[in-house]
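Work through the exercises below with the sequence and the 3D view at hand. Try each task before you read its solution.

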Amino acid sequence: MEYVHLGRSGLTVSRLCLGTMNFGPLTPPAEAHAIMDHAHEIGINFFDTANRYGGPTTPPGQVGQSGEAHSGWTEEIIGEWFAAGGGRRERTVLATKLYGPMGDWPNESKLSALNIRRAADASLRRLRTDYIDLYQMHHIDRDTPWDEIWQAMEVLTAQGKVIYVGSSNFAAWHIAQANDTAAARGFFGLVSEQSIYNLLVRQIELEVLPAAIDYGVGVIPWSPLHGGLLGGVLKKESEGSADPGRRRLHGRAREVLEQNREQIAAYEDLCGELGEEPANVALAWLLQQPGVTGPIIGPRTIGQLDDAQRALTIELGDDVLKQLDDLFPGYRPAPEHYAW
């Protein structure tokens with residue numbers, strides 16, 4: 001396993017981040033525990049979750065445990081695993097998030113100082129730990145001033161309940177606002193930003209990536225395979241895979257596939273020429289992008305977790321990177337992308 005600092009911080013994290021959104025609805029607790037144990041065995045120390053994970057989000061056509069699903073279930077599964085001891089908590093850099101509603105009553109969502117305090121305490125109870133390594137704002141809250149947000153985060157860090165603060169789905173100017181306000185208060189500010197980033201979706205190259213690099217904010221890409229579209233989906237279709245756990249494409253995902261079928265087919269052909277699985281090439285490409293700490297992988301099985309390790313050893317040459325850019329054109333940093 002490879003390790004890097006998270007943004008400008010001194011925190012060391014693995015270059016693959018274990019995403020846990022499948023835990024509960026798609027991956028039963030016992031299997032989730034085995035996946036987390038195996039993640040430690042192969043050197044992954046960075047786990048990502050959120051307070052809302054575990055709700056009834058099973059995609060159509062997938063067999064899940066939606067009858068038991070509820071927001072907070074995933075954190076509870078991780079908490080049960082921590083409670084088993086054996087250094088599990090100590091070896092884990094734990095990241096969770098808040099923003100979405102956890103109930104129907106006022107102040108049970110977003111980033112008011114009240115909800116930040118309540119949400120953090122609730123996550124700590126579910127996770128059976130007394131601190132969160134990385135507490136992330138899952139979305140921007142346009143109704144709450146930054147001074148209020150940072151005051152609440154300062155209290156949590158002073159209490160030892162939160163070590164670092166991160167963001168997710170922020171625009172570049174949100175990152176600038178957040179860190180400039182934090183600096184004015186003498187607070188460390190954001191150390192990470194989770195954004196959707198993959199070969200098919202590269203908009204963060206316009207402004208978010210340059211801002212993150214300038215402010216020392218590590219970028220943690222989510223959906224690195226774009227819902228499975230970069231994971232060899234056409235090959236699997238043609239082979240008629242009988243794997244019951246394989247992702248089936250429905251709705252919007254199916255539409256995106258049809259809109260990009262020619263590109264994805266050419267991509268899979270290129271991966272075949274390289275002798276590599278498409279999913280691993282997509283991850284390796286992200287690992288070679290400036291400002292990227294490491295992508296979030298969301299395995300549903302131990303086998304999928306093992307497969308992802310290959311991405312760490314793939315070195316894409318300049319010629320391959322150019323071919324990928326030709327297939328999936330990216331963006332120059334703004335304003336040069338659209339102006340002189």
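**Exercise 1.** Find the bridge partner of Lys97 in β6, then follow the chain from β5 to β6.

*Solution.* Start with the pair: Lys97 has Gln136 as its bridge partner in β6. Next, trace the path: the chain leaves β5, passes through helix α3 (residues 113–127) and reaches β6. This β-α-β crossover is right-handed (with the strands pointing away from the viewer, the path from the first strand over the helix to the second runs clockwise). Helices (H or I, at least four residues) and strands (E, at least two) are DSSP runs, numbered from the N terminus.

The model is predicted: local features need pLDDT of at least 70, side-chain atom pairs count only at pLDDT 80 or more, and totals for chains, interfaces and linings use all residues. Residues are numbered from 1 along each chain as its sequence is written, and side-chain values use heavy atoms, without hydrogens and water.

**Exercise 2.** Which strands pair with β5, and in what sense?

*Solution.* Two strands pair if DSSP finds at least two bridges between them. Strand β4 (residues 46–48) pairs with β5 in the parallel sense, over three bridges.

**Exercise 3.** Decide why β5 is described as largely enclosed.

*Solution.* Check burial (under 20% relative accessible area, 1.4 Å probe, protein chains only). Val93, Ala95 and Lys97 point one way, Leu94, Thr96 and Leu98 the other, and all are buried. Six of the six residues of β5 (residues 93–98) are buried, so the rest of the structure largely encloses this strand.

Note on methods. Buried < 20%, exposed > 50% of the residue type's maximum accessible area, 1.4 Å probe, protein only.
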